[in-house]
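Take each task first, then follow the solution step by step.

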Amino acid sequence: MASQDWVDKDFYAVLGVSKDASEADIKKAYRKLARKYHPDQNPGDDAAEKKFKEVTEANSVLSDPEERQQYDAIRAMGSGARFSAPGSGAGGPAGGGFEDMFGGLFNTGAGRGRSGPTTGDIPPEFADLFGGFGGRSGGFGGGGGFGGPPTKGADRTASTSISFAGAMRGTTISLRAADGEVIDVRIPAGIKDGQKVRSRGKGSPGAAGAGDLIVTVSVKDHPFFHRDGNNLRVQVPISFDEAALGATIEVPTLDGSVKVKVPAGSSSGRVLRVKGRGVKSAKGSTPAGDLLVELQVEVPTTLSDDARAAVEAFAAATAGHHPRAGLADKARL
């Protein structure tokens, strides 16, 4: 900002504090007004956005002891007087203007004014104004500098853990920021462990709008379903007679049970595929995965006399079958 504007604008009035306000008073006033007029809280309200910029500008000067001292000196010397720019011919001494008169007050030298607020003008103590959800919080985005385009606020990051059911069906989580603000984030169905969800406009505020909130999602394991890409794997026990003779069994899925035909002569480890019963995406943009059913032949640990007799009869009837035939040849080095 040029020093002419420093005379024209009363930053104390903008923040609603007295000229002898302490740093704590200025900080408190700024926090209150920044929340009130932040564009994210007033979407489409040009007046609120303009006020937010004025509040940010005022704070960037008054929160810096050196700049506040320069501002007070300029306001004192310029009180009651108006100065034209060099060569304008209106007011002020010929051949010299306001910038010439007060240039010596700035480290940049005579004739150079102070540039407008940028991202770096926001004091670090305000970086946590809207919190960081346990991650590094971004400060307010600034106006991009005098003459430059406004910039968006910084992105914020967070992490959360959801159940397997929440990942499969989709869910909504609530995150609480350091200042108490609660933000609801929708987690889409089908999200994978470690994936990120972007909630637009929920990051740190800035002159050109707020940044985004990026949430890393951790999905808890399930005791039965195991994800394999967009497929789901399950292990299902079957009895010896079901494996030997074949059977139709019921297998749980994400949406109830489904009947699966077990071919006769199935062994442990055989995988049966059920189309379309795997992971479904939130919008159906990608085909649903499949359910992969791995059979596990269960052998009874105890047998009744009748069952033992039946097994012995079976062994005698299949005495010519040697399941390990040729195994030694396969193992030969």
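**Exercise 1.** Find the residues in contact with V293, leaving aside its neighbours within four places in sequence.

*Solution.* Start at V293 and look for contacts, meaning heavy atoms within 4.5 Å. Beyond those sequence neighbours, V293 meets V234, V236, V251, R270, V271, L272 and V274. A word on the source: this is a predicted model, where local features need pLDDT of at least 70, side-chain atom pairs count only at pLDDT 80 or more, and totals for chains, interfaces and linings use all residues. Residues are numbered from 1 along each chain as its sequence is written, and side-chain values use heavy atoms, with hydrogens and water left out.

**Exercise 2.** Which members of the largest nonpolar core touch the most other members?

*Solution.* A nonpolar core is a set of buried Ala, Val, Leu, Ile, Met, Phe, Trp, Tyr and Cys residues joined through side-chain atoms within 4.5 Å; buried means under 20% relative accessible area, exposed over 50%, and partly exposed in between (1.4 Å probe, protein chains only). The largest core has 34 residues, and V185, V251 and V293 touch the most other members. Another core, of 21 residues, lies apart from it and includes A21, Y37, A48 and A58.

**Exercise 3.** Describe how α3 and α4 pack.

*Solution.* First, take the axes, lines fitted to C-alpha atoms over the stretch in contact, with angles from 0 to 180 degrees between N-to-C directions. The axes of α3 (residues 23-37) and α4 (residues 46-62) come within 9 Å and cross at roughly 160 degrees. Next, α3 and α4 are therefore roughly antiparallel, the term for angles over 145 degrees. Finally, list the contact: α3 gives I26, Y30, L33, A34 and Y37, while α4 gives A48, E49, K51, F52, V55, T56, N59 and L62.

**Exercise 4.** Is S281 buried, partly exposed or exposed?

*Solution.* Locate S281 in the loop between β10 (271-274) and β11 (291-298). Its relative accessibility is 22%, so S281 counts as partly exposed. Not counting residues up to four places away in sequence, S281 touches A189 and T286.

Terms used:
Helix = DSSP H or I, 4+ residues; strand = E, 2+ residues; numbered from the N terminus. Parallel < 35°, antiparallel > 145°, perpendicular 65-115°, else oblique.
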